[in-house]
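Colleague: Please put the model up, and then take me through some of its side chains and its pocket.

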Amino acid sequence: MDTNYLENNYLTLVGKVTGEKSFSHEIYGESFYVFNLEIPRLSGNADMIPITVSERLITDEMLSQGKKLLVKGQFRSYNSYENEKNRLILTVFAKDVIEIEEKEEEIENEMVKKDMITNEVVLVGYICKKPIYRQTPFGREIADILLAVNRAYNKSDYIPTIAWGRNARFCQNLEVGSKVKIVGRVQSRMYEKKHEDGTVENRVAYEVSVGSLEVVEETESQNQNEENKEQAV
């Protein structure tokens, strides 16, 4: 499982705890909680990213308001059935959480100023829907790409990603089933969901903003290895 984790889905986030943690679920006596990590952008804005973490990786003190944390893990998805409809829920699944001491805050602040890694995700997966290419009224090019990233035990995470400029133009010609490697950052954005009864609900969407994208060519031997792995599970 670690090999799969290291190869096709891993991220590093540095930010501060905001809000209260909430109980998520329990598996074999191990409880998992969700909290929000606020990650600053160079623009002065911030992304609020949900983190799912085992009780065995954290303490109450680590999740106190404003505490600085380094989180390493995976960007995952699951389906939630609400109001007779399936909804894709995205979260960061923490593999490791490290507290940043106050004396290290200056280092972390310098990292932000120098645009060093405080928010980076690497995904290797397959395009599972035809990319949607469009241009804004101001001529900015954008492409929406839904990526299926394999996980252990024949599971997959479905990660929405968004490409810009020349990457967006390139993505519009990619076929469903193409294998790609994406390096980018996890971002949050507000949007309005309009319901059939006319009411409007404010929601938060999470996605990967693409920094670089490359097509991964698969050899026949790699395909055979993947088939063997699936058969062995």
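**Charged side chains, a loop and a pocket**

Modeller: Let me start with arginine 203, which counts as buried at 15% relative accessibility, where buried means under 20% relative accessible area, exposed over 50%, and partly exposed in between, taken with a 1.4 Å probe on protein chains only. This is a predicted model in which local features need pLDDT of at least 70 and side-chain atom pairs count only at pLDDT 80 or more, while totals for chains, interfaces and linings use all residues. Residues are numbered from 1 along each chain as its sequence is written, and side-chain values use heavy atoms, with hydrogens and water left out.

Colleague: Where is the place of arginine 203? And what does its side chain meet in a salt bridge?

Modeller: Arginine 203 sits in strand S11, strands being DSSP runs of E with at least two residues, numbered from the N terminus. Its side chain forms a salt bridge with that of glutamate 201, at 3.4 Å from N to O; the term requires a side-chain nitrogen of Lys or Arg within 4 Å of a carboxyl oxygen of Asp or Glu. Glutamate 201 is partly exposed, with a relative accessible area of 32%. Arginine 203 also lies 5.5 Å from tyrosine 191, C-alpha to C-alpha, although 12 residues separate the two in sequence.

Colleague: How many salt bridges does the count come to by this rule?

Modeller: The count comes to 10 salt bridges. One of them joins arginine 189 and glutamate 207, with an N to O distance of 2.9 Å. That pair links distant parts of the chain, since arginine 189 belongs to strand S10 and glutamate 207 to strand S11, 18 residues apart. Arginine 189 is partly exposed at 39% relative accessibility, whereas glutamate 207 is buried at 6%.

Colleague: Which residues are linked in a network of salt bridges?

Modeller: The network links Arg41, Asp47 and Arg185. Aspartate 47, in strand S3, is buried at 1% relative accessibility. Its salt bridge with arginine 41 has the closest N and O atoms 2.6 Å apart, and arginine 41 is partly exposed, with a relative accessible area of 25%. The side chains of aspartate 47 and arginine 185 are joined by a polar contact of 3.3 Å; a polar contact is a pair of N or O atoms within 3.5 Å, and within protein one must be able to donate a hydrogen and the other to accept it, with residues adjacent in sequence counting only if both atoms are side-chain atoms.

Colleague: What lies 3.0 Å from a polar atom of the side chain of aspartate 47?

Modeller: That is the backbone nitrogen of serine 188.

Colleague: New topic: is tyrosine 153 buried or exposed? Where is its place?

Modeller: Tyrosine 153 is exposed at 55% relative accessibility, and its place is the loop between S8 and S9. Its phi is positive, about 60°, although it is not a glycine. Asparagine 154, found in the loop between S8 and S9, likewise has a positive phi of about 60° without being a glycine, and asparagine 154 is exposed with a relative accessible area of 55%.

Colleague: Now the largest pocket: how many residues line it, and which lie nearest its centre?

Modeller: The lining has 33 residues, with Leu88, Ile89, Leu90, Pro160 and Tyr206 nearest the centre. A pocket, on a 1 Å grid over the protein atoms alone, is an open set of points where a 1.4 Å probe fits, with protein on both sides within 12 Å along at least five of seven lines, and lining residues have an atom within 4 Å of a point. Elements that give two or more residues to the lining include strand S1 (9-27), strand S4 (68-82) and strand S11 (200-215).

Colleague: Which element gives the most to the lining?

Modeller: S5 gives the most, with 6 residues. The space in the largest pocket is about 970 Å³, a volume being the space filled by probe spheres set on the grid points, which are joined across faces, edges and corners.

Definitions and conventions. Helices (H or I, at least four residues) and strands (E, at least two) are DSSP runs, numbered from the N terminus.
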